[in-house]
Amino acid sequence: MPRDSLGVAISQDVSWVIALRGQIYAASDADQNDRVTGQTSFANTTPTFILHNPSNSAKLCFPFFFQIVQTGSVAGGDIFVEVEARGTSAYSSGGTSEGVSNLFFGAPSAYSNPTNSCLLYSGATAGAGAGRKMGHFTLAPDVSPAEGVINVPEWSAPTGLIIGPGASLGVYTYAASTGPTWDWHFVWAEIPVQAFS
């Protein structure tokens, strides 16, 4: 079994290897009670969330999954969620750069614990354009699970999806008249480009 520099056995599961290297990150609301509201119609310039890999990052971003949960005010109609990857970043300007943490919490000092290069924005402006759809949900507007309505869409990345430097993953959410409101979190890995050269 392979071992790290401290002699600790490393799992053959690649996700644990990159976790021990401090290469997995999560974004969520930094102060635990802010919510993000989607739009009242689709426009490719108004995504609800953008996972943005800056062109100078020298990292490859591997999205793992995200979860968004209906909360707060009930949306004004059926909710549509579109997930789209773009080879040229959708991010243009503004929005809130959300809190990102390395998932190796309390890492011993002998381990490197790199900071993130990729950024997650909510409410940003995107440049016009289209990418490739990576997922779609249609949900009933409901913030209560009492009736058995599914109000927690969870998206997992398809195998092979990589967001390279200068690319992005956009999440668009919208419902008629009143946009949906979300609690949420995103998880991804970042691996230096040179690791594959």
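User: Which backbone nitrogen lies 2.8 Å from a polar atom of the side chain of S168?

Analyst: That of A90. A polar contact is a pair of N or O atoms within 3.5 Å; within protein, one must be able to donate a hydrogen and the other to accept it, and residues adjacent in sequence count only if both atoms are side-chain atoms. This is a predicted model, where local features need pLDDT of at least 70 and side-chain atom pairs count only at pLDDT 80 or more, while totals for chains, interfaces and linings use all residues. Residues are numbered from 1 along each chain as its sequence is written, and side-chain values use heavy atoms, with hydrogens and water left out.

User: Where is S168, and is S168 buried or exposed?

Analyst: S168 belongs to strand 13. Helices (H or I, at least four residues) and strands (E, at least two) are DSSP runs, numbered from the N terminus. Buried means under 20% relative accessible area, exposed over 50%, and partly exposed in between (1.4 Å probe, protein chains only). S168 counts as buried because its relative accessible area is 1%. Contact means heavy atoms within 4.5 Å. Apart from neighbours within four places in sequence, S168 has contacts that include I50, L51 and H52, as well as E84, A85 and R86.

User: How much confidence does the predictor place in the chain?

Analyst: pLDDT is the predictor's confidence in each residue, from 0 to 100. The protein chain averages 87, and 88% of the residues score at least 70. Helix 1 (residues 14–20) has the lowest confidence, with a mean of 81, and strand 3 (residues 49–52) has the highest, at 97.

User: How many helices and strands does the chain have?

Analyst: One helix and 14 strands. Of the 197 residues in the protein chain, 43% are buried. Among contacts with a separation of 6 or more, 86% join residues 24 or more positions apart.

User: What is the order of the strands in the open sheet?

Analyst: Two strands pair if DSSP finds at least two bridges between them. The open sheet has six strands in the order 7-9-3-13-5-11, with antiparallel pairing. Strand 7 (96–97) and strand 11 (132–139) are at the edges; each has a single partner strand, so one side of each is left without a neighbour in the sheet.

User: Which residues stand opposite each other in that sheet?

Analyst: Take strand 3 and its partners. Strand 3 is joined to strand 13 by four antiparallel bridges, and F49 faces V171 in strand 13. Strand 3 also pairs antiparallel with strand 9 (residues 119–122) over four bridges, where L51 is opposite L120. Strand 9 in turn is linked to strand 7 by two antiparallel bridges, with T96 opposite S122.

User: Which residues have the most contacts inside the largest nonpolar core?

Analyst: A nonpolar core is a set of buried Ala, Val, Leu, Ile, Met, Phe, Trp, Tyr and Cys residues joined through side-chain atoms within 4.5 Å. The largest one has 27 residues, and those with the most contacts inside it are F49, L120, L169, W184, F186 and W188. Elements giving two or more residues to this core include strand 3, strand 13 (168–174) and strand 14 (181–192). Not counting residues up to four places away in sequence, L120 touches F49, W184, F186 and W188, among others. A second, separate core has eight residues, including I18, A26, F62 and I191.
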